[in-house]
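Visitor: I would like a close look at a single part of this model. Please take me through one interface.

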Amino acid sequence: MTVTRLRLASVMPLLVLAGLCVAISIAEPRFLSIDNLIRIAAASAAPLVLALGATFVILMGSIDLSVEGSMAFASAILAACVANANGAGLDLGLAALPLVIAAAALFGALIGVIHTYLRVPSFMASLGMGFVGLGIATIMLGGERVGIVDESIRALALTRILNLPISIYVATFMLALAWVIQNHTRIGRRMLALGGAEQLVVASGVNVRHVRILVFAIAGAFFGVGAVLASARLGASSALVGSGQLFTAISAVVVGGTALTGGSGGVLATLLGVLIVMVLNNGMVILGLPTFVQQGVLGIMIIIAVLLNQPIRGLAVAK
Amino acid sequence: MTKFAGTIPWLGLIAAILIVAAFDASFLRPMTLIGLFSDSATLFLMALGMTWVIYIGSIDLSLQAVAAVSSVILALLIPQYGMVAIAVALVAGVLFGLVSGFVHGVLKLPSFIATLAVGGIAATAALALSGERSIQIDATPRTDSLSWAIGRTLDIPNEIWVSLIVLALAMVIEQMTPFGKAMKALGSGEPAARIAGIRIQRTKLIVFMFAGLFAALSGVVLAGRLSSGSPTIANEFLLPAIAAVVLGGTSLAGGSGGVLRTLVGTLLIVVARTGMTFIGINALAQQIVFGLVLIAAVSLSAGRAQKGIMK
Amino acid sequence: MLQLNDITKNFYGVQALKEVSLSVRVGEVVGLVGENGAGKSTLMKVLNGIHQPTNGSIEINGAKRVLRGPRDAATHGIGMVFQEQSLVPNISIAENIFLGNEARFVKFGRIDWRTMNDAARQQLAKVGLEVDPNTVTADLSFIQRQMVELAKVLTLEEAVAGNLCILLDEPTSMLEQAEITILFSVIRKLRGRAGIVFISHRLDEVIEISDTIYVMKDGAVVSRMEKAEASPSRIHHLMVGREVAASYYKQEERQRPEKQIALKVRGLTKAGAFEDISFDLNQGEVAALVGTEGAGSEPLIRSLFGLEKVERGTIELNGIDLTNVLTDRSVAAGVGYVPRERKIEGIVEEMSVQENIFLPLARQATRFGLFDFSRMAKKTNELMGKLRIKAPDRSTPCVNLSGGNQQKVVLARWYRTGARLFLLDHPTRGLDVGAKEDVYSLIREICAGGAAVILIGDTLEEALGLAHTIVVLKDGMQTARFDNTAATPLTPLDLIPHMV
């Protein structure tokens, strides 16, 4: 099961989140209003799903820098499958979603294949494929932002159930799914074991390549869902739909307490990480600070978080 | 085999030029080629900085943000301080490099995450300093202080001269100094470098500072060319810069390659890009090609990478 | 149940195993001892299917078998507990026990934790370990992990018809005395249902637990004895004893050391490695560190170079304090280290002969900060001639050189910097006879030039043949120190009592 050892690194994110909330609400009590909290939750939906995908890859000790490109690709597929402003979409409605997610998973699997079979380091394979995804999306969308007309897709962002946007339910479902994958399936456990000690997993006869490819595919599927949520919120499909999401996703994972060396941390840590990032973001807005400061703050937090999570042994990974 | 590998990019470059020329013979006119090379100077400068980082087996994802900060600093200071603004812009680049080098070399974070984080900090600095907009550089300070970068000498654009001078200096450092050999040893394998008494942390710090310096220079020249400094000025540079290094034949595993290779790599990229534009491929869509080419180049040079981690 | 017949294994023309025969019966513990490089690990890898024997056959329960890998060996009932522990630290005990074999616990895509943990508990009961199988493995003590490894191997009982053979590769090397007692009681219990092969460097342990003991040396079994006939000193003598022509090390050419002290080591202590080591080394003197594997020579020599930190004590070379400095400082002060892992730590394979020779203190070869290439070329050619480095030319990448020539490049490097203290960590490991002799004559020359040498030899004979002074270590403590003069040469028999 998940590592339960209580270390500074594992309580730190919780303390940071609590501290942030307290500090911001003292400075600006409106922070705690129901509306604002819902706003944070709604804004967190897509980043959470994306960060969950990235978590899997990082848990096994790899990295996926393709978040933005994968999202662009998935978003373009989405535009092609539903009624869009160009009038060229297939108008599949919600039936488009499985297609989009499958395409995104395939894209992820391709990264995995390149990484494992062509022996390209994962950061390079995913960086390169991320650009490929951006390029494909640009061509498919003609370099434009294409409005999504389909009501059922727009509804993901607009319709509310019990006063909460559907995207929050989707994100919650994906969180639960990610948790089950991590803790109760073979692929989840192998991905953790791989992050813990790869050569031992190899020695026990597991086909590590397949595990890696599958994990990249799962991550791709999560990016696909994230792209759908982001496109629904935007009301359009665009190659730039994921702009800035890579940085957010990686910082959320790392700040949440998942070690870049793999093997420790997990989806619940990532939930914390996403909340930290989004609360910070929201706090800056309501305190009237420019949002771009966030990137700098996150940059510093990444460094501190990685330092705290770094195992004492095995610094050799620092290439 | 290694000698052969060194010539492949050159052959590729000639082939690429000939292919483009087959579509449009005017491409071979000296003025067209010179214009092409001067356009590629800023990319080349950034790729130079990236080269040594990759040469020692690391990566720097912050360079485009560093170039942006430098362009903004330059644009802000140049009306009042002239040439001093250039020095400040370059020093800023070195400082960001120092921070990256410290976080990676001393705090021992993997370089891609260290530089991703420092890149975020640099991007913030660029946005904050510029107030999230592009800052014009007026004609007077531009000609007064930046003509060394954007004028012409002997009828050849100064961007080319600057690139060549920096390349020559870099080659001397790389090939003829103990620091150059320390980089090579470090890229080939840290344990052996340590046994040979090489100061590993110091070498890493200096390499990242050089990367910052070259990126800043790239930002300065870019600002001169575009008459403005902007937080997004170098946004499309990261992938081509890495691709230029890798295509030129510097291995991601470290220890082989060098700045001269990066010259070929950059030219290859620029010619390919021109060719694609010529055929009518949209600039963003060209990323497909560069992404794939990057992966192909890395996987072809991955043969001896088993000692590096393939995670 | 297991019978090896005349197993021979060649690696690139080197015989790692020479007609090794060995048999293991159920209910028997077979002890396997030998120095490092004697062939124990290779033999284990043959048994585990990682290596295929060049010649000879393996019989399991009377039938000849070819073992194609660890999984295949497992299907024939051969399980191995590795020296480096082979448990994934961040997953649970149960997951480790069934790693790679979880299929039977998966229901509708989900792992059935209850069934898996129950099955794990059954396995743990076999070794008498009472912990929750849901515990994260990293939270276990060393001995507990060792037990889990055993339990993991014992899952073969259910999977394989017939008896098991369990290979234990240095299971005690990291254990405390009380833990060893526990491990032994478990091994004795398991004896009833399996044959066991036990490898250890601690001879008294091997004698205590084993029924039969095989002694290996230079890839061959040199003796097989019953427990009753065994004693540590007898075994050790069999392990290390070699007949060497008296002239091989050319002891008569060895110079007498000067009277000037070069290196002063005082009270050097590193927890878990060595304790309170003090000695002086004169200029031109060779001191050999001898001891069994794990006695502390390796960390000591690495600490002297600055690769490992010490907790207490001082190192002083010609008046310069070198305690806990980084390697650039020790190199600058005139220390040269020739590491045991030549290809990883010694040379930079991608670099040429000249680049390697001019890697440390490269500033010596510069003028105005730039390399003086003509001077470097001259010096490289001179050193290549002097050290008989065989390479097409000085710009040949070292990856293309033979091991002996690579080693000479490393030595040439420190020759060039004018090192005053050479730390030689197994300098002749893996070299052929000719290259060895070249290295020996170099060591004599280094001393003649007034530099001091600390040597960890590949064999006791090598140490005795080259050193003026022998420092014997045991369990990190200095147990003896001998003067080894040509007039009164020592023999391995003089040293062994202080080593074991």
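How much area do chain A and chain B bury between them, and what share of it is on carbon and sulfur atoms?

Guide: This is a predicted model, where local features need pLDDT of at least 70 and side-chain atom pairs count only at pLDDT 80 or more, while totals for chains, interfaces and linings use all residues. Residues are numbered from 1 along each chain as its sequence is written, chains are lettered from A and ligands numbered from 1 in the order in which they are written, and side-chain values use heavy atoms, with hydrogens and water left out.

Chain A and chain B bury about 4,000 Å² between them. Of that area, 77% lies on carbon and sulfur atoms. Buried area is the accessible area (1.4 Å probe) that two parts lose on being put together, summed over both.

The elements giving two or more residues to chain A's side are helices H4 (96-117), H5 (122-140), H11 (245-256) and H13 (293-309) of chain A. Helices here are DSSP runs (H or I, at least four residues), numbered from the N terminus. H5(A) gives the most, with 14 residues.

By type, chain A's side divides into 30 nonpolar, twelve polar and four charged residues. Nonpolar covers Ala, Val, Leu, Ile, Met, Phe, Trp, Tyr, Cys and Pro; charged covers Asp, Glu, Lys and Arg; the others, Gly among them, are polar.

In contact terms (heavy atoms within 4.5 Å), 46 residues of chain A meet 47 residues of chain B. Between the two chains there are zero salt bridges. A salt bridge needs a side-chain nitrogen of Lys or Arg within 4 Å of a carboxyl oxygen of Asp or Glu.
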